[in-house]
Amino acid sequence: MERLTAWDLSPRVIERAEHVVAELAANAALHGRVQGRDLLLALTLDDTAGTLRIAVSDTKGERRPEIPSEPGPDHESGRGLLLVEVLADRWGTEPRPPSGKTVWAEIAEHGEEPPTASGQSGGQCR
């Protein structure tokens, strides 16, 4: 079996990852920011499994992300996690002691096609 490297990622995976990074980082900056503390962004390529893991940590552990009920057409926000849900093969949260959280998403290089915007997704974990 040939090992996957970052240089081998398909344009489809890279494009999906760009959007997921933007959404998770924006959420952490807007909703998880504590004055004087930064967010942490980590990208990890599991070349054996062919999976790119995106993890964004912030210092507000009490604010867990959740997909909102249908935002109204006039709402200017509230759709970021819907995009993550559609673009990632799996996503979820985990505590980051002492008081933070990490929101992560995984995109598989050889996985299924991303789900359609119908609200169905494959293998998400929340």
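Two strands count as paired if DSSP finds at least two bridges between them, and strands (E, at least two residues) and helices (H or I, at least four) are DSSP runs numbered from the N terminus. The model is predicted, so that local features need pLDDT of at least 70 and side-chain atom pairs count only at pLDDT 80 or more, while totals for chains, interfaces and linings use all residues. Residues are numbered from 1 along each chain as its sequence is written, and side-chain values use heavy atoms, with hydrogens and water left out.

Select strand 1 (residues 40-46) and strand 2 (residues 51-58), which pair in the antiparallel sense over seven bridges. Here D46 stands opposite T51, and L45 stands opposite L52. Four residues lie between the two strands of this hairpin, and G50 in the turn has a positive phi of about 70°.

Finally, select A105, which, leaving aside its neighbours within four places in sequence, is in contact with residues including V20, L24, I54, V84 and W91.

Terms used: Contact = heavy atoms within 4.5 Å.
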